[in-house]
Amino acid sequence: MSVHSSCSPLQLQRQQYQPKLPSILEHLRQVGGHFKALDGNEADPSILSLFPQTKDQDEIVFSIQSGLPAHTPKRVGVLFSGGQASGGHNVITGLFDALVNLHHESRLFGFLGGPSGLISDQHVEITHDLVQKYRNQGGFDMIGSGRTKIETSAQYEAALYTAEHLKLDAIVIIGGDDSNTNAALLAEFIKSKGRNICVIGVPKTIDGDLKNEHIEISFGFDTASKTFADIIGNIARDALSAKKYYHFIRLMGRSASHIALECALQTHPNYVVIAEEVLEKAKTLQNITDEICDVISRRAAAGKNYGIILLPEGIIEFIPEFRLLINELNTVLAPDKPHALALDAATDKKALLSTLLSDASNQCFKSIPQAIQEQLLMDRDPHGNVQVSKIETEKLFITAVEKELEERKQKGLFQGKFSAQGHFLGYEGRSCYPSNFDSQYCNALGYVAALLIQMRATGYIATVSRLAEAVDEWQCGGIPLVKMMAMEERHGKQKPVIKKALVDLNNAPFKTLAKLRDSWVQEDKYCFPGPIQFAGLPALTEGRTFTLLLESSKNLQ
């Protein structure tokens, strides 16, 4: 490798990797779709009233068929929406390959910077030479991404204008739950205008919270959880070697604990917080602190003053007293209230805030470290909401544990030593090389999106199922986005959304954790997954997450 080269050997090798295709997609021009009724999946009437054009649609299942009409060239636009997730480029390369395979005159356009590129007609044509550079690569840098929401009448009109200006047959939106909600609304708007332009969604998010009975896993989760597990294993090995630190590791996962749960199953930490369990049992900060201190005390009694503690990113919103505090802060600091500007201008912010909060929230606010107080006050999103992802909860827990252990020491209840290191694992897992699983899954999703476009489907999300099986056994189709929606209150208004899937405490992944975790407290049963492997034994290169295997009833004993 030359120091002057901009491409590493692995980068070049991954560009040449050929993802396996589900057997049904190997004969692309013979694939057709048939409709299948979704039994027991009736949407809320209030949802259906918002989607009169796309409400009466059934599941699409693909199969090999004969006598299909000749395929016609398509002009398609594609965009990334939201945060990065490994495998996104393979959705685009798969979409490109499939469109050209179905008709060599098809053309693909990428909107730059996400939805804003669609609104402002900022695009680039995606060619063979361009896609070749991004095959099996991490990130979204081919065309970039963004968090703009298409929600105003002017934005919908601008998006339609762009689509008509480019003579598009379809728009593919690659994103999470909010982005696919946006895709459903855009599909409804375009159809209400009598235009025949399809809108197709693709399920993306490393958080793992875009899933249901039809979507087994969102792309990016496999790569992110394996990347984080590798780093956790490295830290655990260091803890085992140095024997002097407790490592509090906060893991990305804004609203659900799927990543924390998966990483715990892969690495066997001494303690892991599952936010959904905290919520169900109404555990306070002190309750969780006591549990962590009990673990530390048990290990100290065995001569072990080191360990691994895993925390989900969004844990603070699941702790009852913080949930109340954050809800009150979001209310009093909303853009339509005068308090936000007054607080920004105040010289004594805490004094002013104390007049706006309830006694319980005031008590909670005063009990936390100053740094966390400042993060709660200063880091607000454009809607005035606290940006929970920026709160360093690992430091909050370290401080709380230090205080509790000191009190226990004064009472003669703790004789060990405690020294802690805090970590946040987030961006490390969003844009790395996708695992072989995510490379293959995303490639297949791109092919499925192309087939849905050929069927003139709109308001659908591309699906690939049976993902715990070998790739050639995967099944492909599409689900109407409307059938995945519910009404929720957002910023004081009822809006249709694709509901986030939280960790189900009655499902196999959590039950497996609950069965095993006590044995990890005192014994050093750390597991070291190591980095993602791209070549070698299938057991190393084609592995699935424990979450996917357990939810698919695979025997992991």
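Student: Which residues in α11 meet which residues in α17?

Tutor: The model is predicted, so local features need pLDDT of at least 70 and side-chain atom pairs count only at pLDDT 80 or more, while totals for chains, interfaces and linings use all residues. Residues are numbered from 1 along each chain as its sequence is written, and side-chain values use heavy atoms, with hydrogens and water left out. From α11, Leu-285, Gln-286, Ile-288, Thr-289, Asp-290, Ile-292, Cys-293, Asp-294, Ile-296 and Ser-297 take part; from α17, Leu-396, Phe-397, Ala-400, Val-401, Glu-404, Leu-405 and Arg-408 do. Contact means heavy atoms within 4.5 Å.

Student: How many residues of each class does the contact of α11 with α17 have?

Tutor: There are 10 nonpolar, three polar and four charged residues in the contact of α11 with α17. Ala, Val, Leu, Ile, Met, Phe, Trp, Tyr, Cys and Pro count as nonpolar, Asp, Glu, Lys and Arg as charged, and the others, Gly among them, as polar.

Student: What angle and axis distance describe the packing of α11 and α17?

Tutor: Helix α11 (residues 285-301) packs with helix α17 (residues 393-410) at an angle of about 65°, and their axes are 9 Å apart. Axes are lines fitted to C-alpha atoms, for helices over the stretch in contact, and angles run from 0 to 180 degrees between N-to-C directions. The crossing of α11 and α17 is right-handed.

Student: Why is Thr-289 called buried?

Tutor: Thr-289 has a relative accessible area of 1%, and buried means under 20% (exposed is over 50%, partly exposed in between, with a 1.4 Å probe and protein chains only). Thr-289 is therefore buried. Residues up to four places away in sequence aside, Thr-289 touches Phe-397, Ala-400, Val-401 and Glu-404.

Student: What makes α9 oblique to α19?

Tutor: The axes of helix α9 (residues 258-267) and helix α19 (residues 508-522) come within 10 Å and cross at roughly 50°. Angles under 35 degrees count as roughly parallel, over 145 as roughly antiparallel, 65 to 115 as roughly perpendicular and the rest as oblique. The pair α9 and α19 is therefore oblique. On the α9 side, Leu-261, Ala-264 and Leu-265 make the contact; on the α19 side, Pro-509, Phe-510, Thr-512, Leu-513 and Trp-520 do. By class, this contact of α9 with α19 has seven nonpolar, one polar and no charged residues.

Student: Which residues touch the most other members of the largest nonpolar core?

Tutor: Leu-95, Val-172 and Leu-251 do, in a core of 86 residues. A nonpolar core is a set of buried Ala, Val, Leu, Ile, Met, Phe, Trp, Tyr and Cys residues joined through side-chain atoms within 4.5 Å. Helix α18 (residues 436-454) gives the most to this core, with 12 residues. A second, separate core of 45 residues includes Ile-288, Leu-311, Leu-357 and Val-401.

Student: How do you know that Leu-548 is buried?

Tutor: The relative accessible area of Leu-548 is 3%, so Leu-548 is buried. Leu-548 is found in helix α21 (residues 546-551). Its contacts, leaving aside neighbours within four places in sequence, are Glu-216, Phe-437, Leu-467 and Ala-468.

Student: What is said of the phi of Asp-121?

Tutor: Asp-121 is not a glycine, yet has a positive phi of about 60°. Most residues other than glycine have a negative phi. Asp-121 lies in the loop between α4 (115-120) and β5 (123-126).

Conventions: Helix = DSSP H or I, 4+ residues; strand = E, 2+ residues; numbered from the N terminus. Left-handed = near helix turned anticlockwise from the far one by under 90°.
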